[in-house]
Amino acid sequence: MDKFVIRGGNPLVGNIRISGAKNAALPAMAAAILTDEPVILENIPDVRDIQTERNLLVSMGAEVELGYGRASHRTTISCRNLVNPEAAYELVKTMRASTLVLGPLVARMGRAHVSLPGGCAIGARPIDLHIQGLEKLGATITQQHGYIEAAAERLRGGHIAFDKITVTGTEDLMMAAALAEGETVMENCAREPEVADLAALLNKMGAKIEGAGTSTIRIQGVDKLHGARHRIIPDRIEAGTFIIAAALTGGDLNVTNCEPKHLGALLEKLEECGVTVTTNGESVRITNGHRLKAADVSTEEYPGFPTDMQAQYMALATQAEGTSFITENIFENRFMHAHELVRMGASIKVEGSRAVVHGYTPLSGAAVQCSDLRASASLVIAALVAEGETILDRVYHIDRGYERIEEKLRGAGAQIKRIGEMLPKKAPAPVGVA
Ligand code: UD1
């Protein structure tokens with residue numbers, strides 16, 4: 001297991017280029033199931049979750065070429081010969097987004113056998129809304145031995161009103177409805193840019209979807225979808241992570257190849273904290289030469305402040321003057337990073353769904369553990385301003401969703417190094433007796 005060693009104190013200066021959005025790439029790859037022609041996706045991030053999704057598709061009989069570097073982060077997926085409409089527990093337990101294949105499999109193959117994901121580090125995270133939606137589209141669903149079995153000869157259009165806003169639920173059912181017979185209207189949908197990006201791909205494949213990116217989506221089902229080429233949108237959470245890191249370290253950083261429009265809630269909040277933000281086309285410049293001011297944050301569905309930025313914002317709040325109230329409204333157990341930040345010297349009290357952060361307190365390097373993807377990012381950021389060395393364990397959580405974060409940070413002046421697990425020193429050879 002790799003670790004990061006980080007020495008704090010350097011401001012982030014220069015440029016960091018943003019990769020494609022993991023959370024847009026994962027549903028886009030699942031969408032390839034809907035057609036027997038190749039789907040070509042560009043700007044695919046080189047992160048572990050993408051490898052997991054490739055393994056999942058390959059286990060079903062898909063051919064997946066995944067090229068980086070000269071192949072410019074491109075994947076070509078052909079689902080011509082799908083033989084096994086199954087997502088096994090071994091894959092689903094490592095990546096919940098594997099359940100995104102549920103809708104496409106029933107729509108294309110008439111059957112899906114998908115493991116229930118179970119709880120995870122940040123909450124219970126059921127998929128009941130995916131299941132209810134598929135039932136509305138005419139699928140028969142049974143549950144046995146931890147798996148969902150969904151079947152339908154042909155899905156038919158229906159009316160789905162989500163009780164709660166769900167991102168992958170909206171995506172899963174939008175894919176299913178694309179091949180259903182007749183019209184589907186979905187209400188109270190997630191409005192995240194990743195949902196709109198998926199609809200753009202599906203429409204290129206011949207789907208008839210209107211309203212993605214708003215809370216009501218209308219889908220006119222078609223009999224068949226065809227291949228397409230699509231470029232994945234930039235990762236707004238990766239961009240936001242570097243933006244917070246720059247603000248925190250008092251740097252001058254240009255975050256390039258991103259979409260500032262997708263970062264509205266975060267950038268407004270940072271301006272409230274006293275950070276200077278300049279947007280220009282596809283880049284955001286962050287400059288900050290003085291102490292940050294505390295500001296409260298409450299996570300919401302898009303376009304509100306993203307839950308996926310809450311942990312990183314908490315690292316920033318530890319260095320802001322005053323008290324910040326941080327309320328987590330999306331997941332019930334998403335404050336694991338708070339305890340590790342306290343070990344580094346932060347003053348944070350967790351009261352149910354609210355964390356109260358008193359700043360400013362100096363941070364000092366410590367041995368800390370990553371618990372989930374975004375919590376890990378917050379610890380990296382905190383380590384960049386901590387006095388001395390921080391050793392971050394279980395870096396595989398970060399590798400799930402950040403493309404070579406250490407190289408990007410090092411390029412902007414941070415002192416960060418990846419080390420492999422230390423092997424025990426070889427026992428010294430016995431000294432021969434003369
Ligand atoms: C997606 C993102 C994740 C982000 C989250 C919220 C991907 C691959 N992942 O996750 O990074 O943190 O959105 O922005 O895009 N819920 C139910 N029943 C369901 C589905 C969801 O009760 O059937 C609840 C969840 O437990 C949670 C809330 O709805 O409390 C929102 O979850 P959801 O939007 O579905 O998150 P994901 O799509 O899993």
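View 1. For Lys-164, an N or O atom of the side chain is 3.4 Å from an oxygen atom of the ligand. Pro-126 takes part through its backbone, with a polar atom 3.3 Å from a ligand oxygen. On its own the ligand has 740 Å² of accessible area, and the protein covers 87% of that (Shrake-Rupley method with a 1.4 Å probe; for residues, only the protein chains shown count as cover).

Two notes for reading these views: local features need pLDDT of at least 70, side-chain atom pairs count only at pLDDT 80 or more, and totals for chains, interfaces and linings use all residues of this predicted model. Residues are numbered from 1 along each chain as its sequence is written, and side-chain values use heavy atoms, with hydrogens and water left out.

**View 2. The shell around the ligand.** The ligand has 18 residues around it, and Asp-128, Thr-166, Thr-168, Asp-308 and Ile-330 come nearest (a residue is near if one of its heavy atoms lies within 4 Å). By type, the shell holds 8 nonpolar, 5 polar and 5 charged residues. Here Ala, Val, Leu, Ile, Met, Phe, Trp, Tyr, Cys and Pro count as nonpolar, Asp, Glu, Lys and Arg as charged, and the others, Gly among them, as polar. Helix H5 (128-136) and helix H6 (167-178) each supply at least two residues, and H5 gives the most, with 3. Helices (H or I, at least four residues) and strands (E, at least two) are DSSP runs, numbered from the N terminus.

**View 3. How helix H5 packs.** Leu-129, His-130, Ile-131, Gly-133 and Leu-134 are the buried residues of H5 (buried means under 20% relative accessible area, exposed over 50%, partly exposed in between, with a 1.4 Å probe and protein chains only). These buried residues pack against helix H4 (102-109), strands E8 (140-144), E9 (147-151) and E10 (159-161), and H6. Just after H5, look for Gly-138, with a positive phi of about 100 degrees.

**View 4. Helix H1, largely enclosed.** Of the 10 residues of H1 (residues 22-31), 9 are buried, so the rest of the structure largely encloses this helix. Among them are Lys-22, Pro-27 and Met-29.

**View 5. Strand E17 and its partners.** E17 (residues 283-287) pairs antiparallel with E15 (residues 252-256) over 4 bridges, and Asn-254 stands opposite Arg-285. Strands pair if DSSP finds at least two bridges between them. E16 (residues 276-280) also runs antiparallel to E17, joined by 5 bridges, with Asn-280 opposite Ser-283. E16 and E17 form a hairpin with 2 residues between them, and Gly-281 in the turn has a positive phi of about 60 degrees.

View 6. Leaving aside neighbours within four places in sequence, Val-297 is in contact with residues including Lys-269, Phe-305 and Tyr-313 (contact means heavy atoms within 4.5 Å). Not counting residues up to four places away in sequence, Ser-78 touches Pro-38, Ala-62 and Glu-63.

Note on methods
Polar contact = N/O pair within 3.5 Å; in protein donor to acceptor, adjacent residues only side chain to side chain.
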